[in-house]
Amino acid sequence: MPTGCKITRLCLLLLALMGFWGCVKEDLSDCRPGIVLAYDYSRNAAGENLFGQEVDKTTVYAFDKDGYYVARYSEAGPHLTNDYLHSVPLPEGKYTLVVWAGPLDDYTVGEMEDTESGTVAPPVEGRTHIDDFMLKLRTDKFGDLEVDQSLCPLWHGKVSEVVSDYTGRNRYTVTLTKDTRRVAVSLTEGAASGNLDRAVSPGARDGEPRYAVELRAGNGRYTSGNSVCEHALELRYTPLGITFPEPRVTRYDFTTLRLMADRSCGSRLLLVDTHTGRELLDRGLVDLIFDNPAFASQDYLDRTEVFNIDLNVDASVEGYPMRITIRINGWQLIEIIPEV
């Protein structure tokens with residue numbers, strides 16, 4: 001091959017390599033900085049990554065090295081699989097990322113404008129600080145702070161010390177924690193509670209259960225780190241549905257937001273006799289769960305998708321007006337005899 005042709009081919013090869021390695025040169029005007037995110041939702045009872053199976057949307061909120069809001073990046077759709085890699089075009093710099101995953105239809109995200117009213121404004125670039133950033137349940141959808149419908153599934157993740165540069169290859173894994181839970185309460189009435197031949201709960205009147213069950217918790221507001229905000233108001237979680245699967249058995253189904261091992265949300269389980277108006281039970285829900293030492297951790301609360309609570313209300317105990325036996329997730333925890 002003539003020498004001139006060899007030189008021409010060598011020059012073309014060098015030009016191609018220069019284009020391929022363009023972001024290595026000093027002039028970075030044609031390059032885009034950024035990072036890559038992978039998502040992992042293995043913090044569940046199975047210990048398997050269920051991100052692709054359960055999560056259909058991610059929203060990333062970026063804060064700069066001084067803690068001020070920069071931008072939001074969202075992705076949604078069937079392409080969010082376990083193998084999905086989220087390319088985030090962050091400007092060059094250091095960041096903390098806060099991720100809220102799920103549809104977010106039941107929540108507002110931003111900065112608290114007014115503590116009393118609970119008004120939350122969207123985050124403002126360069127002004128909203130990560131210490132003031134929060135997620136709040138949209139109580140305007142639920143009258144009088146009563147949650148009587150299913151909540152959109154919600155996950156949280158946070159990654160610190162994120163570096164975005166012109167390689168665009170810095171990869172970080174977002175570990176997600178699910179913040180929505182289901183609680184299923186099955187109440188069985190004892191033999192002296194009424195007519196056992198009825199197709200529904202024996203203490204029921206006109207198909208309505210004799211006993212009212214509800215959950216209460218101040219867990220409708222979360223910080224950027226997924227802890228309960230200082231000014232969170234107490235919510236009343238009432239049943240999504242009430243069914244009578246067997247004679248003498250009434251089932252109450254709830255959804256609730258995150259339960260906290262430090263009791264900061266003040267979650268409680270309440271039982272009231274609707275015939276007399278008498279409150280039979282008002283106990284801390286986390287306290288009841290933690291009566292079993294094997295359950296006593298935040299990790300257990302976060303990994304458990306459903307808390308099955310069995311209440312046996314027995315009015316036939318000799319010498320006492322009533323006895324309540326409580327089982328949670330198959331573990332008999334406590335017997336309570338309400339005061340007269």
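**Cavities, pocket and salt bridges**

The model is predicted: local features need pLDDT of at least 70, side-chain atom pairs count only at pLDDT 80 or more, and totals for chains, interfaces and linings use all residues. Residues are numbered from 1 along each chain as its sequence is written, and side-chain values use heavy atoms, with hydrogens and water left out.

**Cavities**

- The search of the whole structure returns two cavities of 30 Å³ or more. On a 1 Å grid over the protein atoms alone, a cavity is a set of points where a 1.4 Å probe fits but cannot get out, and lining residues have an atom within 4 Å of a point.
- The largest cavity holds about 60 Å³ of space, where a volume is the space filled by probe spheres set on grid points joined across faces, edges and corners.
- Its lining comprises five nonpolar, two polar and two charged residues. Here Ala, Val, Leu, Ile, Met, Phe, Trp, Tyr, Cys and Pro count as nonpolar, Asp, Glu, Lys and Arg as charged, and the others, Gly among them, as polar.
- The second largest cavity has a volume of about 30 Å³, and its lining residues are Leu 215, Arg 216, Ala 217, Tyr 237, Thr 256, Leu 259, Ser 267, Arg 268 and Leu 285.
- Strand 14 (residues 211–217) gives the most to the lining of the second largest cavity, with three residues. By class, that lining has five nonpolar, two polar and two charged residues.

**Largest pocket**

- The largest pocket has a volume of about 190 Å³; a pocket is an open set of points with protein on both sides within 12 Å along at least five of seven lines.
- Eleven residues line the largest pocket, and Met 112, Asp 131, Asp 132, Met 134 and Cys 229 lie nearest its centre.
- At least two lining residues each come from strand 8 (133–137) and strand 15 (221–223). The lining of the largest pocket has four nonpolar, three polar and four charged residues.

**Salt bridges**

- The count comes to 17 salt bridges, each a side-chain nitrogen of Lys or Arg within 4 Å of a carboxyl oxygen of Asp or Glu.
- Glu 146 and Arg 236 pair through their side chains (3.2 Å, N to O). Glu 146 is in strand 9 (residues 146–147) and Arg 236 in strand 16 (residues 235–237), so the pair ties together parts 90 residues apart in sequence.
- Glu 146 is partly exposed at 25% relative accessibility, and Arg 236 is partly exposed at 28%. Buried means under 20% relative accessible area, exposed over 50%, and partly exposed in between (1.4 Å probe, protein chains only).
- Asp 299 and Arg 303 form a salt bridge (2.9 Å, N to O); both lie in helix 4 (residues 298–303), four residues apart, about one turn of the helix.
- In the salt bridge of Asp 314 and Arg 323 (3.8 Å, N to O), Asp 314 is buried at 13% relative accessibility, whereas Arg 323 is partly exposed at 27%.
- Salt bridges that share partners join Arg 43, Asp 179, Arg 258, Asp 299, Asp 302 and Arg 303 into one network.

**Whole protein**

- The secondary structure comes to four helices and 23 strands. Helices (H or I, at least four residues) and strands (E, at least two) are DSSP runs, numbered from the N terminus.
- Of the 340 residues, 46% count as buried.
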